[in-house]
Amino acid sequence: MKGTKNLTQGPILRQLFTLAMPIMATSFIQMAYSLTDMAWVGRLGSEAIAAVGSVGILTWMSTAIALLNKVGAEVNVGQAIGAQDEQAARNFASNNITLALLISVFWGAILFIFARPIISIYELQPHIEDMAVEYLRIISTALPFVFLSTAFTGTFNAAGRSKIPFSINGIGLITNIILDPLLIFGLGWGTTGAAIATWLAEAIVCFLFVYQLKKKKILWDNFIFFTHLKKQYAVRIIKIGLPVATFNTLFAFVNMFLGRTASEQGGHLGLMALTTGGQIEAITWNTSQGFATALSAFVAQNYAARQVARVLKAYHTTLWMTFIFGTFCTFIFICYGNEIFSIFVPEKAAYETGGVFLRIDGYSQIFMMLEITIQGVFYGIGRTMPPAVISVSCNYLRIPMALLFVSWGWGLPGIWWSVTITSTMKGIICLIWFMAIKKKALSYQAD
């Protein structure tokens with residue numbers, strides 16, 4: 001099929017790396033949007049970065065909802081390509097993009113209209129809350145660009161063309177890097193300038209995706225972006241993507257609760273440590289997510305083509321790669337937590353508080369990467385429910401666990417330990433679950 005790559009033949013390791021490296025680079029670029037904002041906003045002070053961080057949890061929630069379309073494209077378009085059904089691949093892609101636009105407009109309107117009640121959850125000081133509300137309202141109007149770009153990314157990943165999202169997002173990052181200091185300090189717009197810089201960068205990324213598909217016809221000729229939704233495609237997209245979006249969205253709700261608890265225990269420094277520390281931790285998360293996304297696309301095509309041996313070899317290869325990187329991240333977080341945090345927030349009290357978060361969180365990095373890698377296999381074979389069950393149950397366990405540790409007088413470290421313990425549990429349970437169903441799930445397809 002025009003513009004797509006066949007992953008059912010050829011060297012597995014090379015194909016995984018060819019897919020994974022651009023996806024990881026794209027993830028790092030997307031992460032760098034937030035890190036760039038934090039690095040510049042951090043120069044305004046810990047209060048400003050707490051305001052941006054409070055919105056960061058809502059941005060994370062929005063990204064989680066957008067996973068419905070990303071995973072819906074990666075699995076359905078990938079399996080259609082593996083089955084050599086071009087028309088189905090095109091229909092899944094068009095229906096997915098249409099759904100992304102509808103969902104983003106609805107969700108963006110909610111965040112814009114109810115910005116102040118939502119931000120008030122964190123019980124921040126009034127002037128910090130005002131900054132956060134203004135930042136959220138600007139970001140909420142950019143969500144259609146974000147959701148559409150996520151859907152486009154999933155489609156290109158499924159087609160084996162992961163270098164294109166990398167290149168496009170790279171342009172967006174460069175735009176953001178240039179605009180951030182100009183708008184934040186040059187024009188003196190502060191956190192509002194950071195929001196506008198992100199808005200413009202996201203818009204550029206979205207229009208570049210449209211250009212690749214419509215003008216350059218990189219995947220298919222005469223591709224239709226928006227269409228009347230057809231039940232057979234829309235339902236399948238929702239069925240595959242909804243569990244992933246749901247458990248990631250519920251995860252964001254957990255973080256909102258932890259953010260409020262952290263604010264109660266440590267003021268704006270506690271909230272800042274959780275939100276900024278979570279962005280720094282994304283170094284590990286995005287690496288494993290890159291390999292898992294590549295693994296998902298690889299497994300989807302080979303599973304549909306009944307290449308079970310290739311599925312298993314790719315799974316074992318990916319596990320080793322993520323284990324090595326997870327060990328490295330554990331070491332730097334535990335040993336250099338303060339130094340890493342100080343790059344983004346130079347205030348001593350702030351980076352010392354954040355350093356404690358990174359040191360405690362560091363112990364779970366290997367297990368977090370294990371969980372995300374195995375998720376890639378589950379998604380590729382179309383079984384998105386098991387990871388959702390594991391993630392939701394363990395993530396919500398953080399709430400009573402954090403409250404218990406706080407009641408014991410552990411303060412902020414008690415909240416951080418609830419995160420580390422449950423992340424470790426998720427990795428172990430995910431591995432056990434997959435080992436239990438592996439033979440039946442894969443042998444069924446091979447019959």
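**Close-up views of a predicted model**

View 1. The largest nonpolar core has 92 residues, and Val-77, Phe-152, Ile-415 and Trp-416 touch the most other members. A nonpolar core is a set of buried Ala, Val, Leu, Ile, Met, Phe, Trp, Tyr and Cys residues joined through side-chain atoms within 4.5 Å. Buried means under 20% relative accessible area, exposed means over 50%, and partly exposed is in between (1.4 Å probe, protein chains only). Helix H2 (residues 46-82) gives this core its largest share, 16 residues. Helices (H or I, at least four residues) and strands (E, at least two) are DSSP runs, numbered from the N terminus. A second, separate core has 19 residues, including Phe-298, Val-299, Ala-314 and Phe-434.

The model is predicted, so local features need pLDDT of at least 70 and side-chain atom pairs count only at pLDDT 80 or more, while totals for chains, interfaces and linings use all residues. Residues are numbered from 1 along each chain as its sequence is written, and side-chain values use heavy atoms, with hydrogens and water left out.

View 2. The structure holds 14 aromatic pairs. In one of them, the ring centres of Phe-145 and Phe-207 are 6.0 Å apart and the planes meet at 55 degrees, so the pair is tilted. Rings of Phe, Tyr and Trp (its six-membered ring) pair if their centres lie within 6.5 Å; planes under 30 degrees apart count as stacked, over 60 as edge-to-face and the rest as tilted. Phe-145 lies in helix H6 (residues 143-158) and Phe-207 in helix H8 (residues 190-215), so the pair ties together parts 62 residues apart in sequence. Phe-145 is buried, at 16% relative accessible area. Phe-207 is exposed, at 55%. Ring pairs also bring in Trp-199, which forms a cluster with Phe-145 and Phe-207.

View 3. H6 has 16 residues and reaches 23 Å from its first C-alpha to its last. That is close to the expected 22 Å, where the expected span is 1.5 Å times one less than the number of residues. The helix is mostly covered: 16 of its 16 residues are buried. Just after H6, Gly-160 takes a positive phi of about 80 degrees.

**View 4. A charge over a ring.** The charged end of Arg-137 sits over the ring of Phe-112, 5.7 Å from its centre. A charge sits over a ring if NZ of Lys or CZ of Arg is within 6 Å of the ring centre and within 35 degrees of the ring normal.

**View 5. Two cysteines without a disulfide.** A search of the whole structure finds zero disulfides, a disulfide being a pair of cysteine sulfur atoms within 2.5 Å. For Cys-394, the nearest cysteine sulfur is that of Cys-430, 9.5 Å away. Cys-394 is buried, at 3% relative accessibility. Cys-430 is buried too, with a relative accessible area of 0%.

**View 6. Ser-263 in helix H9.** Ser-263 has its place in helix H9 (residues 231-304). Ser-263 is buried, at 11% relative accessible area. Leaving out residues up to four places away in sequence, Ser-263 touches Tyr-122, Glu-123, Leu-124 and Leu-271. Contact means heavy atoms within 4.5 Å.

**View 7. Lys-348 in helix H12.** Lys-348 is placed in helix H12 (residues 348-362). At 52% relative accessibility, Lys-348 counts as exposed. Lys-348 and Asn-338 are ten residues apart in sequence, and their C-alpha atoms are 9.1 Å apart in space.
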